[in-house]
Amino acid sequence: MPELQTKKLQPIKLSQLPDSPLVSVLVANYNYDRYISETLESVLSQTYQNFEIIVCDDGSTDNSCDVIANYVRKDSRIKLISKQNGGVASALNAAYQKSQGQIICLLDADDVWMDRKLEKVVEAFKSDSQYGFVTHNVMQIDGQGNLLRSTPMFKHLSSGWVALHALENGGYPQDVPPASALSVRREVAEFIFPLNETFRRNADSLVSYLAPFITVIKSIPEALSQFRFHGGNTTSQVNLTVDTLERGQSVGEAIHKEQKQFLRRVYGEAVAQRLTNLNCNLLCCHDRYLIARLKGLPKAQTKELHRQLVNHPQFYTCNSTPHQKWFLQWGEYIPDPLFPPIFTFVYGSGRLKRWARNLLARRLTTQYTQGQLLM
């Protein structure tokens, strides 16, 4: 573990990378025999070939290990670690311990990289030694590999030295992509690993939301990976539900606790105390309000949560769709019986739902202006 760097919040100093740095690709696999072959092939087909792949199988009960072992026999750059099931953080820790690369890339066992992913990531790191964390955009696909949408997941990605903003925003820089789009310099990884193994899922979030406190982010607007939504990865849901919202809140609280401890360890207590609570984060306010309304909590409670949401300084500048923003802005005027179905239309997916929520938004706007919706 690196020593305490400074009591002043600033990026760590990084040396220049060699011309062809070794990239360590960390893969945590659990029962993804139907996807792991495509995942590994996407690495093997990279235009940048100086890499090692370290797959930790986290106690799979399917045919995963046989599939991976077949690749190990074919290519010496692929290593397989098998262990009892302990969750994603423990699997990534085991893989990281065996890694030797100057650059660490995460790759989910069901995701796919575009063939120039590593080339462009290495170029980004080498463009300036201050960059210790590189991210890029992603495309969303279903279980069969079909695109769920024709445009990348993010309109914008966090970039630069965002630690000060994150401290003021409940610990969160805006718009950080999921695991398979995350890469860090080893010097940065040494501050973050080993990951807290209570994170059986969402362990990549520890990289996403700890790295920005110690290094500068370089973001690549281009989509260089495909993020797969399917029934098996229960933390990745296309549609919002009370369950997914509550799980997100639980993960957010756990990450916030980790951030506080991380800042205390790296910088000291004074900096750790500057981390604002989750009420300062727009997404947290958004989720808490929706949970309260969908669960039918008392009006006084939902009203206060609504006030916190719409008064948040980022509310009117966030990337929500017009329908979502309208729904949230006027949410407290919507009667309780209508709130869940309108929520489903606004946050759902599919052509019929898109048509219906457009029609519904127009009708409800008319009703509101005519005074037909009552508190």
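Here is a walk through the model, one selection at a time.

**Before you click**

This is a predicted model: local features need pLDDT of at least 70, side-chain atom pairs count only at pLDDT 80 or more, and totals for chains, interfaces and linings use all residues. Residues are numbered from 1 along each chain as its sequence is written, and side-chain values use heavy atoms, with hydrogens and water left out.

**The whole chain**

Color by pLDDT, the predictor's confidence in each residue, from 0 to 100. The chain averages 90, and 89% of its residues reach 70 or more. Now select 351-375: pLDDT stays under 50 there. For that stretch the model has 28 contacts beyond four places in sequence, a contact being heavy atoms within 4.5 Å.

Switch to cartoon and you get 14 helices and eight strands. These are DSSP runs, numbered from the N terminus: helices are H or I with at least four residues, strands are E with at least two. Of the 375 residues, 53% count as buried; buried means under 20% relative accessible area, exposed over 50%, and partly exposed in between, using a 1.4 Å probe and protein chains only. Among contacts with a separation of 6 or more, 76% are between residues 24 or more positions apart.

**Stop 1: Leu26 and the core**

Select Leu26, Ile192 and Leu195. These have the most contacts inside the largest nonpolar core, which has 52 residues. Such a core is a set of buried Ala, Val, Leu, Ile, Met, Phe, Trp, Tyr and Cys residues joined through side-chain atoms within 4.5 Å. Helix α3 (residues 88-97) gives this core its largest share, six residues. Apart from it lies another core of 31 residues, including Leu107, Trp113, Val122 and Ala124.

Stay on Leu26 and show its surroundings. Beyond four places in sequence, its contacts include Ile54, Leu92, Tyr96, Ile104, Leu106 and Phe193.

**Stop 2: helix α1**

Select α1 (36-44). Which residues of α1 are buried? Ile36, Thr39, Leu40, Ser42, Val43 and Leu44 are. Their cover includes β1, β2 (51-58), α2 (64-74), β3 (78-83) and β5 (112-113).

**Stop 3**

Go to helix α4 (residues 117-127) and pick Lys120. Lys120 counts as buried because its relative accessible area is 18%. Outside its sequence neighbours within four places, Lys120 is in contact with Ile220, Glu222 and Leu224.

Lys126 is in helix α4 too. Its relative accessibility is 29%, so Lys126 counts as partly exposed. Residues up to four places away aside, Lys126 touches Gln16, Leu17, Pro18, Asp19 and Pro21.

**Stop 4**

Most residues other than glycine have a negative phi, and most peptide bonds are trans. Now select Phe193 and Pro194, which are joined by a cis peptide bond with omega of about 0°. Pro194 lies in the loop between α6 (186-192) and α7 (204-210).

Next, Asn31, in the loop between β1 (23-29) and α1: its phi is positive, near 60°. Asp175 also has a positive phi near 60°, and you will find Asp175 in the loop between α5 (163-168) and β7. Asp175 counts as partly exposed because its relative accessible area is 27%.

**Stop 5**

On a 1 Å grid over the protein atoms alone, a cavity is a set of points where a 1.4 Å probe fits but cannot get out, and a pocket is an open set with protein on both sides within 12 Å along at least five of seven lines; lining residues have an atom within 4 Å of a point. Two cavities of 30 Å³ or more are counted.

Select Ile104, Leu106, Leu182, Ser183, Val184, Phe193 and Val207 to see the lining of the second largest cavity, which holds about 30 Å³ of space.

Finish at the second largest pocket, with a volume of about 170 Å³. Its lining includes Asn196, Phe199, Arg200, Arg201, Ser250, Lys257 and Glu258.

Technical notes
Grid points are joined across faces, edges and corners, and a volume is the space filled by probe spheres set on the points.
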